[in-house]
Amino acid sequence: MNWILHFPTSLHDLLSGFGATGLVIWIVVCILAIAVPVILAVAIYVWWERKVLGWMHVRMGPNSVGPAGLAQTFADVFKLLLKEVLVPQKSSRLLFVIAPLLALTPAFAAWAVIPFDDRLVLSDINAGLLYLLSMTSMGVYGIILAGWASNSKYAFLGAMRSAAQVVSYEIAMGMALVGVLICAGSLNLSDIVRAQAGHYGLFNWFWLPLLPLFVIYFVSGVAETNRAPFDVAEGESEIVAGFHVEYSGAPFAVFFLTEYANMILISFLAATLFLGGWLSPFPASWALVGVAGWWWLFAKAFAFAFLYLWFRAAFPRYRYDQIMRLGWKVFIPIAIVWIMVAGLLVYFGIVGPGAATEVSP
């Protein structure tokens with residue numbers, strides 16, 4: 001494992017003089033440098049979602065608490081944290097408390113391998129893609145345990161619906177990533193981004209040869225995070241919130257945080273795997289706009305995060321049978337076929353690390 005987050009180097013050099021203790025402190029500092037911005041990004045994202053939905057539905061978004069309503073999300077956070085935590089009398093108390101943490105931990109652990117720039121990544125491991133698959137697939141355990149430990153039939157039914165949906169679309173997402181692996185020839189996320197570099201800017205990125213897999217990956221990401229129009233965890237006929245219906249206060253806030261952290265994570269991953277990550281969409285010869293950097297990754301991720309909100313405002317909810325049919329009978333067969341197409345493209349040298357002359361950022 002190669003820890004290459006080098007900001008600030010002076011602090012790193014100072015702590016390295018304390019041996020193992022200094023190394024532990026440095027790792028904690030690096031983790032907080034990612035975790036804290038993600039938590040703040042979730043708060044701003046919730047505010048932005050309410051504003052966007054207000055604009056699209058021609059109504060007011062948050063506008064009273066703080067300037068432009070910016071403090072409304074933070075007010076909601078404090079409200080949830082100060083509320084009494086109610087635990088059902090006949091629930092499995094230990095699992096009831098652990099379930100939100102099992103859902104939250106993988107959502108934050110996955111950020112360890114996200115490369116923000118050519119030299120800005122917490123852990124540049126060679127099996128980064130495999131690590132991502134393992135982390136994102138663990139979140140379903142928190143969902144199942146939350147529904148089961150509540151000792152409520154409504155919560156359990158919501159957990160079963162949500163778990164079946166997550167598992168189904170996780171398969172489609174995994175197959176879409178196989179196409180990326182074939183074209184890049186590496187499991188390292190930084191190497192995957194570098195494999196998309198070339199003279200032609202955005203036309204060197206994997207979205208073009210892997211367009212069906214690109215669409216499958218992002219739509220499956222929307223479904224995996226239980227977002228509209230795939231939010232069937234909530235039972236409309238039951239008038240309940242799904243697997244977390246028995247949760248209140250801080251545990252409910254943890255589930256809320258997990259959902260939005262996963263949405264931001266999927267947005268960053270889609271930009272990294274298919275849209276060149278930190279690479280500029282313009283050729284390097286185009287002066288300043290051709291310079292690669294973290295700002296390009298954030299701009300691309302913002303576009304995907306906006307699509308989440310657009311989908312919620314524009315599309316009606318699918319029926320459960322439609323959701324499962326889309327995953328099993330449409331996405332998975334298309335992904336299998338396009339994996340073979342990707343293999344042929346690499347075999348004939350049309351795409352892949354050696355298909356285009358790489359340009360240094």
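**Aromatic pairs and an enclosed cavity**

Good morning. I begin with the residues that line the second largest cavity: Leu132, Leu133, Thr136, Glu170, Met173, Leu177, Tyr217, Glu224, Ile266, Leu269 and Leu273. Please bear in mind throughout that this is a predicted model.

Which elements give two or more residues to this lining? They are H5, helix H6 (153-184), H8 and H9. Sorted by class, the lining of this second largest cavity comprises 8 nonpolar residues, 1 polar residue and 2 charged residues. The space in the second largest cavity amounts to about 70 Å³. Across the whole structure, the search returns 2 cavities of 30 Å³ or more.

Let me stay for a moment with one of the elements just named. Helix H6 contains 32 residues, and from its first C-alpha to its last it reaches 46 Å, close to the 46 Å expected at 1.5 Å a residue. After H6 comes Gly185, which has a positive phi, near 70°.

I turn now to the aromatic residues. How many aromatic pairs does a search of the whole structure find? The total is 30. One of them joins Phe116 and Phe268: the ring centres are 6.1 Å apart and the planes stand at 80°, so this pair is edge-to-face. Phe116 belongs to the loop between helix H4 (93-109) and helix H5 (128-149), while Phe268 belongs to helix H9 (residues 249-274); the pair therefore ties together parts that are 152 residues apart in sequence. Are these two residues, Phe116 and Phe268, buried or exposed? Both are buried.

With the cut-off for buried set at under 20% relative accessible area, Phe218 qualifies at 6%, and Tyr308 qualifies at 0%.

The charged end of Lys300 is placed over the ring of Trp205, at 3.9 Å from the ring centre.

Thank you for your attention.

Technical notes:
Residues are numbered from 1 along each chain as its sequence is written. This is a predicted model: local features need pLDDT of at least 70, side-chain atom pairs count only at pLDDT 80 or more; totals for chains, interfaces and linings use all residues. Side-chain values use heavy atoms; hydrogens and water are left out. Rings of Phe, Tyr and Trp (its six-membered ring) pair if their centres lie within 6.5 Å; planes under 30 degrees apart count as stacked, over 60 as edge-to-face and the rest as tilted. Helices (H or I, at least four residues) and strands (E, at least two) are DSSP runs, numbered from the N terminus. Buried means under 20% relative accessible area, exposed over 50%, partly exposed in between (1.4 Å probe, protein chains only). A charge sits over a ring if NZ of Lys or CZ of Arg is within 6 Å of the ring centre and within 35 degrees of the ring normal. On a 1 Å grid over the protein atoms alone, a cavity is a set of points where a 1.4 Å probe fits but cannot get out, and a pocket is an open set with protein on both sides within 12 Å along at least five of seven lines; lining residues have an atom within 4 Å of a point. Grid points are joined across faces, edges and corners, and a volume is the space filled by probe spheres set on the points. Ala, Val, Leu, Ile, Met, Phe, Trp, Tyr, Cys and Pro count as nonpolar, Asp, Glu, Lys and Arg as charged, and the others, Gly among them, as polar. The expected span of a helix is 1.5 Å times one less than its number of residues.
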